[in-house]
Amino acid sequence: MKKFNQSLVVGAMLASLTPIIASAATTAITNVKVYTSTEQGVLDSATVVIEDGHIIAVNAKQSNDSAVIADNIIDAKGSVLTPGFIGSMNYLGLVEIGQEKITRDVNAKDADISFDPSLAFNPKSSAIAFARKGGISRNIVVPGGGESIFSGQAIEVELTGHWDSVVATEKAVLVQLGAVHEGSRIIGMQQLINKLEARQTALAADKQADAKKADAKKADATKPPSKEELLLNAVLAGDITMVVDVDRASDILQLINLKARFNLDLVLLKAADAIVVAEQLAAANIPVVMDAMRNLPESFDSLHNSLDNAGKLSKAGVKVILATPGDAHGIYGLRYAAGNAVANGMDYNQAMASITANVADIFHLDAGRIATGKPADMVLWSGDPFEYNSAIQTMWINGEVQNMQSRQDELRDRYIQKSTMPQAYTQ
């Protein structure tokens, strides 16, 4: 199929008297309010054109709808278009029924840094269709780990329900620090420091050996690095993000020092005390993934939990991701959590970025924005997506319209049917 000339399209869209001409297999959404999550900000009465799974044009305003020519034109009539929301740090696709152990592939006693959730990810999980109803198009899936300080790896998935839904593995490695039920928090922090020091020393020694090496046979006899060593090498090179689950301010300050010492791509998870050291986090450019609905202390490590933390951190210059950590089913309510963050002081556009562009930036995803060249992960809403009474009209992932029917819908339809049979049956 002949490719569409994007420069001509953009030029045509910006010319008020020139028709917008789109090639075959294109869809244009017109008369739409667009939250781009880019420097363009919010566009009113705009037009967005998609082709072959990507966004090929975004027009600030189209005054003449008849000038738009495409195979499929959707008149949004003032509805709201957002990027598909991106969930993160949860067990989606790894848990079907939380209370049924046989359906939980989240953790294992001997799990370590190499624990890879892609090996068990189920794209047909009923929780995935339910998450789509919340506007979630992509997700960062994580495991729950085991006895090691390393919980495993994070993976990127699309919520299409297709068998090839896993986009990428090794998006991050997870570390759990802080208070423990038995023993001291010192052990976890010391183990992390020791692991990083040992790998840094080994890498320096390898470089020296490579410089002096002349015997090819000796090179052949070198023991190949373990999976843990390879992952730690990537962490020290800044190629893989290290996400650390931590709450207390003193632990956070230790991690700020570790970031500077080892040049880590560091992200904090939960971080109840982040507000206490927000200035230091902003200066160190360390993002925080947090639950906006975390309000009350769960321990002495989380005394600073508050509904206004997301807004305060954002205003302090900390890049914030809003998430529902761990929960495989509650991810549906991510948009409501963002709405609550706005109600408690977070800037609306920052809240939108916290579940779109910020997630994409921090985890290096090609998603999270409505911009030319980006995958067409978009959601058309009846109104403000942070409002309870707004509903999804159409959802696209990679330009493909998604089925918005979930198991919950099927159960509702089943049990409201009138029947002479018991409710467990239908005629």
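Which helix gives the most to the lining of the largest pocket? Helix 3 does, with four residues. Some notes on this one follow.

1. Ground rules. This is a predicted model, where local features need pLDDT of at least 70 and side-chain atom pairs count only at pLDDT 80 or more, while totals for chains, interfaces and linings use all residues. Numbering runs from 1 along each chain as its sequence is written, and side-chain values use heavy atoms, with hydrogens and water left out.

2. Overall picture. The protein has 12 helices and 18 strands (DSSP runs numbered from the N terminus: H or I of at least four residues for helices, E of at least two for strands). Of its 427 residues, 49% are buried (buried is under 20% relative accessible area, exposed is over 50%, and partly exposed is in between, with a 1.4 Å probe and protein chains only). Take the contacts with a separation of 6 or more: 67% of them come from residues 24 or more positions apart (contact means heavy atoms within 4.5 Å).

3. The largest pocket. It holds about 660 Å³ of space. For the terms: on a 1 Å grid over the protein atoms alone, a pocket is an open set of points with protein on both sides within 12 Å along at least five of seven lines, a cavity is a set where a 1.4 Å probe fits but cannot get out, and lining residues have an atom within 4 Å of a point. Points are joined across faces, edges and corners, and a volume is the space filled by probe spheres set on them. The pocket has 24 lining residues, and Gln 176, Leu 177, Gly 178, Ala 179 and Val 180 lie nearest its centre. Helix 3 (185-212) and strand 12 (241-246) each supply at least two residues of that lining. By class, the lining has six nonpolar, 10 polar and eight charged residues (nonpolar covers Ala, Val, Leu, Ile, Met, Phe, Trp, Tyr, Cys and Pro; charged covers Asp, Glu, Lys and Arg; the others, Gly among them, are polar).

4. The cavity. Searching the whole structure turns up one cavity of 30 Å³ or more, and the largest cavity contains about 70 Å³ of space. Its lining includes Lys 270, Ala 271, Ala 272, Met 290, Asp 291, Arg 294 and Leu 313.

5. Ala 271. This cavity-lining residue sits in the loop between strand 13 (266-270) and helix 7 (278-284). Its phi is near 50°, a positive value in a residue other than glycine. At 4% relative accessibility, Ala 271 counts as buried.

6. Other positive phi values. Asn 31, in strand 2 (residues 26-35), has a positive phi of about 50° although it is not a glycine. Asn 31 is buried too, with a relative accessible area of 19%. In helix 5 itself (residues 227-236), the buried residues are Leu 231, Leu 232, Asn 233, Ala 234, Val 235 and Leu 236.

7. Nonpolar cores. The largest has 76 residues, of which Leu 192, Met 242, Leu 255, Leu 268, Leu 281 and Leu 322 touch the most other members (a core is a set of buried Ala, Val, Leu, Ile, Met, Phe, Trp, Tyr and Cys residues joined through side-chain atoms within 4.5 Å). Helix 6 (residues 249-262) gives the most to this core, with six residues. A second, separate core has 19 residues, including Met 89, Ala 323, Val 359 and Ala 367. As background, nonpolar side chains tend to be buried together in soluble globular proteins.

8. Asp 409, in helix 12 (residues 407-415), is buried at a relative accessible area of 9%. The side chain of Asp 409 makes a polar contact of 3.0 Å with the side chain of Lys 133 (N or O atoms within 3.5 Å; within protein, one must be able to donate a hydrogen and the other to accept it, and residues adjacent in sequence count only if both atoms are side-chain atoms). Not counting residues up to four places away in sequence, Asp 409 touches Lys 133 and Met 404. Glu 158 lies in strand 10 (residues 150-158) and is buried, at 14% relative accessible area. A 2.7 Å polar contact joins the side chains of Glu 158 and Asn 398. With residues up to four places away in sequence again not counted, Glu 158 touches Ser 137, Arg 138, Ser 165, Val 167, Ile 397 and Asn 398.
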